[in-house]
Amino acid sequence: MGLIWAPQPGPQHALIDCPIPEILFGGARGGGKSDGVLGKFAIKQERYGAGFNGVFFRKEMPQTDDLIERAKEIYTPLGARWHEQKKMFRFPKGGRLRFRPLENTAAAEKFQGQNLSDAAVEEAGNYADPAPIDRLWGALRSKSGVPVQLMMTANPGGPGQFWIKRRFIDPAPLGMRVLRDTLPNGREHRRVYIPSKVQDNRALLANDPDYISRLYLVGSKQLVQAWLDGDWNAVEGAFFDRWSRERNVCQPFTIPAEWLRLRSMDWGSAKPFSVGWWAIVPEDGMYGGQPMPRGAMVRYREWYGSTGKANEGLKLSAEAVGKGIAEREKGEKIDLAVLDPAAFAEDGGPSIAERMRREGVQFRRADNRRVAQAGAMGGWDQMRSRISGPTDEQGNPTGDPMLFVFSTCADFIRTVPVLQHDPNRAEDLDTDAEDHVADEARYACMSRPWIPKAAEPSRNPPDYGHRTREDADSWRTV
């Protein structure tokens, strides 16, 4: 029998040789991701025989159609039998590979109690929350001594951009470096990112030399960067599409004592909470290396209540969070503080807001309107307007932004720019993503409404964005 399949030099070869338990493979379109995983499974079943028990997952079963057809081309010449009803290959030495949907954690729970030696998740970026994928670790074990592995393929973009970038890309942007986590029992968990681009897929380019040219036609510059270069910092379809690290991020500087300050918060326990501290620029000037107009908001501090895992909160009590806020702003005069209205709800006891008030941290209810309705101002519009600053009719900036972020506010910079539109409601963002910082920033923007001059309806519009310290003191009586 002739050669059925062999890894191409470069990333596919690295994948075949990789012994690391958790692998992210890919990063760009056409990089040979699926073929690499199918080939690795073929080699493992040959080596370990009946000890190989793998499952290849997609979020929905119809998405596996092409994958299964390619698997037949590789596995059938090896003597594998395809069982259509079970969606399973049985190999001559007893190994098996199934194709299954993995829509949510409930689907992952169906595999608990099984002995999976290998699992692969195609297009992991389709999962806004990695919980369904992580739950598979409970089923990965081998009584036959097969080295268990969980492999994921992904491209930049999509609802999973947050956690994939945080888990694999941010610690090692160029990949090929083993990342280590110490587990509670003192043992070590290892993971690695193996980047693969279309230029690495010589077989595809030999058979379809125009593929790269077609990638330039897919859409925006950001999408081309993401799909062609595997650029995880290029965000296609970003909700805050006017965000610019060059324009909106500034170097930390000492906030003058006389500047008006406000605090905004989105509550969370099982999910992260987010607290942001903002200062209002009183006069035009250069601050932190950026030209800032009068009335601009500057985020100078943040506290993100996360374990470090995607969308997982610290589960702190309201009292503990209140004490943490008080410690962080000791010696400061906070003129205004707004909190998610849901935190004021009383359900058989004092509200979250009341419990924090007892620790000396006061809030008023935030304006929680997300989108504009019946002429009312929407929070996302306010935030987008401040991020972009004044624009012309085509949306091109004609002035400086009205919202700035210290470079030390890592969680704002990490989460807000990559938020996507809600696929069913274009004027809202996708709430399945890690949107806690964005919600809290929205509350802050709604407490300081700003109207671009180009949109002013009269010669003397109300200057909502430039309240005085005395005006802000009125919140204490609300």
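Two strands pair if DSSP finds at least two bridges between them. Strands (E, at least two residues) and helices (H or I, at least four) are DSSP runs, numbered from the N terminus. With those terms in hand, let's look at one strand and a few salt bridges. This is a predicted model, in which local features need pLDDT of at least 70 and side-chain atom pairs count only at pLDDT 80 or more, while totals for chains, interfaces and linings use all residues. Residues are numbered from 1 along each chain as its sequence is written, and side-chain values use heavy atoms, with hydrogens and water left out.

- Strand 2 covers residues 53-58, and six of its six residues are buried (under 20% relative accessible area, with exposed over 50% and partly exposed in between, for a 1.4 Å probe and protein chains only).
- In a regular strand the side chains alternate between the two faces of the sheet.
- Here, Asn-53, Val-55 and Phe-57 point one way, whereas Gly-54, Phe-56 and Arg-58 point the other way.
- Strand 5 (residues 96-101) pairs with strand 2 in the parallel sense over six bridges, and Val-55 stands opposite Arg-98 of strand 5.
- Strand 6 (residues 118-121) also pairs with strand 2 in the parallel sense, over four bridges; Ala-120 in strand 6 is the bridge partner of Phe-56.

- The structure holds 31 salt bridges (each a side-chain nitrogen of Lys or Arg within 4 Å of a carboxyl oxygen of Asp or Glu).
- One of them joins the side chains of Lys-271 and Asp-129, at 3.7 Å from N to O.
- Lys-271 sits in the loop between strand 11 (261-266) and strand 12 (274-280), and Asp-129 in the loop between strand 6 and helix 5 (131-134), so the pair ties together parts that are 142 residues apart in sequence.
- Lys-271 is partly exposed at 37% relative accessible area, and Asp-129 is partly exposed at 26%.

- Arg-166 forms a salt bridge with Glu-434, with the closest N and O atoms 3.8 Å apart.
- This pair links distant parts of the chain: Arg-166 is in helix 6 (residues 161-169) and Glu-434 is in the loop between strand 20 (425-429) and helix 15 (436-447), 268 residues apart.
- Arg-166 is partly exposed at 21% relative accessibility, whereas Glu-434 is buried at 4%.
- Arg-414 and Asp-411 meet in a salt bridge at 3.1 Å, N to O.
- About one helical turn separates Arg-414 and Asp-411, because they are three residues apart in helix 14 (residues 410-415).
- Salt bridges that share partners join Arg-166, Asp-411, Arg-414 and Glu-434 into one network.
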